[in-house]
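Me: I'd like to learn how to read helices in a model. Could you walk me through a few?

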Amino acid sequence: GVEVRIFDRNAEVESFKQAIERYRPRIVGFSVLTGPTINDAIALSMQTKQLLGDVVVVWGGMHSTLFPGQCLAESYIDVVASGEGEITALELTRAILDKKPLNEVKGIVFRNGDKILTTPARPPIANLNEEIPLPAWDLVDMKQYIGPRFYASRIVSFNTSRGCLFRCTFCHNPLSHNVRRWRGFSAARVMEGLKVLKHEYGINGVYFQEDEFDTDHKRVKELADMMLKENLGLKWHKITRANYVKDKADLQKQYEAGLRYVDIGVE
């Protein structure tokens, strides 16, 4: 029941200022990563406040989750959504639009006068199959996201899982809401998404871009069997760990199902 628009700074032709002035949103959310890209989020958040004085600016993403107090020290940020954002964003949006107290929304940090208030943490979404829909591909210009690599000419990325069981010191996972937990779509749900991408957007390749694709070995085997049975003709690419690449028969089955490229972490 909420009108939503996506503005991707990597893909849009229209300027952010033009989009803000045309749609005049009540709430603008920024997905923020630590590093040089944060400068862009800062500049656009300030611009949003200047253009739309009563707008609510929400920061989410990994940087905001790890450093909510630092973010809310800045006047151009009103709320930080910590951890997974789907349910939090919906409840936060309803609370703002209905003028209800924000302290009833789990998983946020917000400014209330001179105080910074933190609500109870929102637990990770337990069942992605039941609680998370497929990506809203219809809300973006998919031509901007489909491109060639050596193994196929029309490739798109597709995220089908969250988290990782391991504890590499350079990674956010052991510190973030995932806390060495892995959750994923079922093989059948992944196939549902692949069929949409194939038949509606004409892809012939897919990059499973996630922290750890191979954690659930049974899921990967089922997916390979389904790919062979459905004969979608897709080539694919996954991210895995070296200790998971050990069963030649499994790899052979995945190759027959279209696997052409494996990213292996060097840790």
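Reply: Let's take some helices of this structure in turn. It is a predicted model, where local features need pLDDT of at least 70, side-chain atom pairs count only at pLDDT 80 or more, and totals for chains, interfaces and linings use all residues. Residues are numbered from 1 along each chain as its sequence is written, and side-chain values use heavy atoms, with hydrogens and water left out.

Me: Which residues of H2 are buried?

Reply: Buried means under 20% relative accessible area, exposed over 50%, and partly exposed in between (1.4 Å probe, protein chains only). Helices are DSSP runs (H or I, at least four residues), strands likewise (E, at least two), numbered from the N terminus. In H2, the buried ones are Ile 38, Ala 41, Leu 44, Ser 45 and Thr 48. Down the axis of H2 they fall within an arc of 125° (from the directions of the helix axis to the C-beta atoms), so they line one face. Asn 39 and Gln 50 are exposed on the face turned away from that buried side.

Me: What covers the buried residues of H2?

Reply: The cover includes helix H1 (16-23), strand E1 (27-31), strand E2 (56-60) and helix H3 (62-66).

Me: And how do I read a buried residue such as Thr 88?

Reply: Thr 88 sits in helix H5 (residues 86-97) and has a relative accessible area of 0%. Contact means heavy atoms within 4.5 Å. Leaving aside neighbours within four places in sequence, Thr 88 touches Ala 81, Val 105, Lys 106, Gly 107, Ile 108 and Arg 122.
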